[in-house]
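Student: I'm new to this one. Could you walk me through it, one question at a time?

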Amino acid sequence: MLVAGFSAAPASARTVTAVMHSDLRVLDPVITTAHITRDHAYMIYDVLIAVDENFKPQPQMADWQVSGDGKVYTFTLRDGLKFHDGAPVTAADAVASLQRWAKRDAGGQLIMDITASLEAKDDKTLVWTLDKPFPPLLDTIAKQSALPPFIMPARIAETPADTAIKEHIGSGPFKFVPEEFQPGVGVSYVKNTDYVPRSEPASWLAGGKVVNVDKVRWLTMTDGQTAVNALASGEIDYIEQVPVDLAPLLDGDDKVVLELRDPLGYQTMGRLNFKHPPFDNQKIRQAALLALSQEPVLATMMGDPKFYKPCGAIFGCGTPLASEAGAETLIAKGDPERAKALLKEAGYDNTPVVLMQPTDVSSLTAQPVVAAQLLRAAGFNVDMQPMDWQTLVGRRASQAAPKDGGWNVFFTNWQIPEIAGPLNNVMLNGRGDTAWFGWPQDAEIEKLKQEFIAAATPEDQAKVAARIQAHAMENVLYIPLGEYNPPQARRASVTDMIRAPIPVFWNLNKAE
C-alpha cells in the first residue's frame, strides 16, 4: 500500500491518478489563494471568460459587449450551462459569485470602487455598469489565478466572503466526490456527463474543455521518492512537481515523459506581517530585506541552476513591466551589516519572529530554513515553527498576535502570470484588513495602481510600474526571492495534456 485507501495496482485507463504539489484541505477558492485550492476549483467550476495562450480574454461561459463609453459591460451566458445538481446556471448566480469574489480579490475591489450596478437583467444576461471606464476589467475577471472569479450557485455564493462554503457544486467539466475526499489521503473527481464544451480548440484555460476519462484521483504523497517510484512502476500517471534531485531517476525511462509544463515558471517570495511587531516597523522590514539573498535560497531549493534564476522584479523578469529597482541587495549577497545597523536604529528589542515552515511541499521547504539562517546572522531572533502546508494556509489567515497563534513571516510561490501586473498581484493590495495575508495599510500603493489604470499607453504603464516596484521595495510589501521552474512528469500513455501554467485534466487522453 502506498497510501491509505490506495492499492499499488496499475491505474485504470479510464482513471488518471495524479500526485499534486500539495495535499488539498481548503475547498473554497475565494477564502484562499493556495494553488491546490485553485486547481481543485478549475476541476468543478467554470468562469465567465478565460485567458488563452496569448494572454487574451476569450468567452467561456459568456460572451460580452462593451458600450462605446467603456462604462457598461453586458455578458450573455451561453446555452447548455447546468450546475452539478441539475439546476440551470443563471445570470443571478454569476452576479452573486462576482460580488463574493470582489470582496477578496484586489482587482475586484478596485472595480467595485467604481461600480454603479451589477445586476441580472434576465436569466442569461448580466450588466455591469461603472461610474467611469476601467480598461483592464476583462483582463481582471479573465485572470487564470490568484482568485479567478469561479461561478457557483447563488445560494452558495451568498456565503460571506470570509466564511468557507459548505457545498461544492459547480458547472465545470468534473464533479467533486465528497465521500472520496480525505485530507492527507486524496480527493476524487468524476466526469460531468452533462457538461457542454465550447466548440473552439482548447488554449490554456480557454476553449473547449473535453473530458476523455471517467475519473481523476489526486493522491497525497509527501515523500518525493515514493511518488517517483510509483510513477516509474505505473501505479500513478502524473506528478505535478518532481523534486529536481530526483529527476535523474526518470531520465531515460521511455515510459515516462519529464518536461517543463510552463515556460514562465514561478516566483518565490517572503511575506511579512504588517499588523504586529516587529514588522509593523518599516525600518525593521527593510532590515529583513537587507538580510536576505536570492542565490542561497534558490540553490538550496532547486539545486541545479538550469531550473532557477535570480530576479528582483516583482512583476517577473522578461515581462513587459519588469524592473529590478530596489532589489539590488537581494540579487547580490544581501547586506547583513546594513541590516544590523537598521535594527539598532529602529530599536529592535529582540522580539521573536515567528517564521512558519511548511514541511510537506518540496518547493517550499528550503526557503524558511535558509531565510532563518540569514535573518539570525543579521540579528533577528527567529522562532521557526514547522507545520504542514495546509495548516500554514489556514494559520496565515489569522490576524492574531504571533504569541496567540498568529505569525510574522511565511514564504510562498506564485506563477509569473499571477504577479505580472499591479492589478492581479495580490501582494500589492494596500487596504489593510481587507488586503492579502500580511495586511499592509498603504495608501500610496493604491494611488499608484489608480495611475496605472489611467495610463494611456503601454509606455506610460511601464513608467508607473517602475514606480510601483520602487515603492514596493521601499515599504517591503513583499520580498521577491527569484524565479524557478520545476519539471513535471507523466506516464507516456498520458497524452494531449495542455501545456498551461495551471495543471488541468480536460482534453488529455490515456491509452490502455
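Student: Which loop does Asn-507 lie in?

Tutor: Before we start, this is a predicted model, where local features need pLDDT of at least 70, side-chain atom pairs count only at pLDDT 80 or more, and totals for chains, interfaces and linings use all residues. Residues are numbered from 1 along each chain as its sequence is written, and side-chain values use heavy atoms, with hydrogens and water left out. Helices (H or I, at least four residues) and strands (E, at least two) are DSSP runs, numbered from the N terminus. With that in hand, Asn-507 sits in the loop between strand E22 (494-495) and strand E23 (509-510).

Student: Is Asn-507 buried or exposed?

Tutor: Asn-507 isn't a glycine, yet its phi is positive, about 75 degrees. Buried means under 20% relative accessible area, exposed over 50%, and partly exposed in between (1.4 Å probe, protein chains only). Asn-507 has a relative accessible area of 18%, so it is buried.

Student: What is the phi of Ala-146?

Tutor: Look in the loop between helix H4 (137-142) and strand E9 (150-151), where Ala-146 lies. Ala-146 counts as buried because its relative accessibility is 2%. Although Ala-146 is not a glycine, its phi is positive, at about 55 degrees.

Student: Which residue does a cis peptide bond join to Pro-278?

Tutor: Pro-278 is found in the loop between strand E15 (266-272) and helix H7 (282-291). Omega of the cis bond is about 5 degrees, and the residue joined to Pro-278 is Pro-277.

Student: What is the handedness of the disulfide between Cys-311 and Cys-317?

Tutor: A disulfide is a pair of cysteine sulfur atoms within 2.5 Å, and here the sulfurs of Cys-311 and Cys-317 are 2.1 Å apart. Cys-311 counts as buried at 1% relative accessibility, whereas Cys-317 is partly exposed at 22%. The torsion about their S-S bond is about 105 degrees, so the disulfide is right-handed.

Student: How many bridges join E7 to E8?

Tutor: Strand E8 covers residues 125-130 and runs antiparallel to E7. The number of bridges joining E7 to E8 is six.

Student: How many residues does the largest nonpolar core have?

Tutor: A nonpolar core is a set of buried Ala, Val, Leu, Ile, Met, Phe, Trp, Tyr and Cys residues joined through side-chain atoms within 4.5 Å. Residues with the most contacts inside the largest one include Trp-128 and Phe-380. H2 gives the most to this core, with seven residues. The size of the largest core is 140 residues.

Definitions and conventions: Two strands pair if DSSP finds at least two bridges between them.
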